Amino acid sequence: MSSPGTHPLPPPAPSLQPPHRGHAPASQDAASVAPGDIAVGVVIGRASEYFDFFVYGIASVLVFPAVFFPFVDRLEGTLYAFVLFAFAFVVRPLGTLAGMQIQRRFGRSAKLTIALFLLGSSTAGMALLPGYQSLGFTAIGLLALCRIGQGLALGGSWDGLPSLLALNAPENRRGWYAMLGQLGAPLGFLVACALFAYLWGNLSSADFLGWGWRYPFFAAFAINVVALFARLRLVVTHEYERELEAHELEPCNVRELFRMQGHNVFIGAFAALASYALFHIVTVFPLSWIQLYSDQVIGEFLAVQVVGALLAAAAMPISGVVADRIGRRRTLGALALLIGAFSLFAPLLLDGGRLGQDAFILVGFTLLGLSYGQAAGTVTANFQPRFRYTGAALTADLAWLIGAAFAPLVALGLSARFGLISVSFYLLSGAACTLLALRANRALSSVRD
């Protein structure tokens with residue numbers, strides 16, 4: 001796909017399957033799918049989803065403690081907001097399973113339409129909610145319901161395109177194409193953070209808390225509509241359907257998946273845990289720490305995070321080049337060690353005034369771009385073809401749940417009580433899990449060979 005608005009079909013290209021003897025070459029019968037087209041679809045879809053989630057994450061710090069939890073102090077209000085933040089990741093696997101059932105019965109395009117409209121509606125619905133002063137605890141309940149809707153929608157929006165991208169990418173370029181599928185994260189954060197920075201810097205505190213914070217949530221619905229049509233133009237074409245079916249990228253029986261290859265789901269979830277643990281430690285948690293315990297101006301800190309997102313986006317192509325040279329698993333292992341080393345300096349940087357805090361963000365985002373660029377589907381190739389579609393989706397769900405769902409809550413809660421050394425232990429645990437999972441995967445691969 002060349003752009004969200006226009007999508008000429010890809011030109012005929014040789015099929016991935018060799019032609020049968022006595023038949024015309026496959027390139028004369030059907031067009032194949034260009035990995036670049038798949039990558040564009042993945043980036044557009046993921047950027048819209050990450051925008052929704054980062055809008056909520058930033059608002060959990062800047063808005064929700066005052067609007068929905070004014071009956072407690074700022075720290076407790078932020079912790080309560082982070083509890084709701086985790087809800088989406090807890091229910092995400094349920095959304096994946098529900099989406100698989102919808103796909104079996106009504107097709108992939110119907111599932112994707114339902115999921116993205118639920119995502120956009122849940123996010124826009126938050127913008128319409130009155131605060132605690134108007135509805136009391138009912139307002140909190142409605143916010144939690146919308147957050148659960150986001151999580152169910154994100155699980156249900158799995159379209160198999162990242163797996164198709166990995167399978168169709170040239171063998172010596174798989175690290176590069178894996179990175180392309182991850183670019184949506186820094187792009188989504190960049191737009192969300194820049195929008196909040198603009199509103200924070202140009203509105204009074206009363207106007208921002210009264211109505212200004214609602215605009216990013218409305219914008220999320222519009223972005224999701226655009227992303228929906230862009231992705232539908234991709235997945236409903238005969239070429240893509242044919243490729244998805246050829247690679248058996250269809251839902252499978254979940255019980256059979258866990259009985260036959262459940263170990264691959266768990267190894268895959270832990271293999272990228274260092275990156276997932278770092279994800280919210282450099283995006284959502286530091287904003288809460290600055291808001292509560294630092295003299296740095298919030299608008300200026302948001303601007304630093306925007307620069308950090310740009311660094312993460314720039315680091316991702318580097319991760320692709322490195323992974324293609326030394327292998328994706330070695331790349332993840334090396335970066336887990338770097339994240340572990342970075343964690344040792346985290347307390348010093350976060351407690352080191354503006355210069356140290358800015359350095360934490362810039363270095364952290366760079367490491368995030370390098371590691372997260374290769375975090376998706378590192379061991380997906382271990383799945384048998386018929387289990388790959390469902391296995392890859394549930395692996396990602398578990399990685400988010402274990403590594404990232406409770407990161408802001410745990411990091412802020414423990415840091416407020418025991419100091420910033422808690423952040424070091426959190427990141428070190430993620431790095432250790434990644435190294436152990438990669439070692440286990442290598443051992444299993446040796447046994448299979």
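Buried residues have under 20% relative accessible area, exposed ones over 50%, and partly exposed ones fall in between (1.4 Å probe, protein chains only). The model is predicted: local features need pLDDT of at least 70, side-chain atom pairs count only at pLDDT 80 or more, and totals for chains, interfaces and linings use all residues. Residues are numbered from 1 along each chain as its sequence is written, and side-chain values use heavy atoms, with hydrogens and water left out.

Helices are DSSP runs (H or I, at least four residues), numbered from the N terminus. Helix α3 spans residues 74–106. Its 33 residues reach 46 Å from first C-alpha to last, close to the expected 48 Å (1.5 Å times one less than the number of residues). The helix bends by about 40° at R92, the bend being the angle between axes fitted to the seven residues ending there and the seven starting there. P93 follows within four residues. After α3 comes G107, with a positive phi near 105°.

Six salt bridges are present (a side-chain nitrogen of Lys or Arg within 4 Å of a carboxyl oxygen of Asp or Glu). One of them pairs D397 with R92, with closest N and O atoms 2.7 Å apart. D397 lies in α19 and R92 in α3, 305 residues apart. Both residues are buried.

E250 pairs with R108 at 2.9 Å between the closest N and O atoms. E250 sits in the loop between α12 and α13, R108 in α4. R108 is buried because its relative accessible area is 5%. E250, at 27%, counts as partly exposed.

Terms used
Helices (H or I, at least four residues) and strands (E, at least two) are DSSP runs, numbered from the N terminus.
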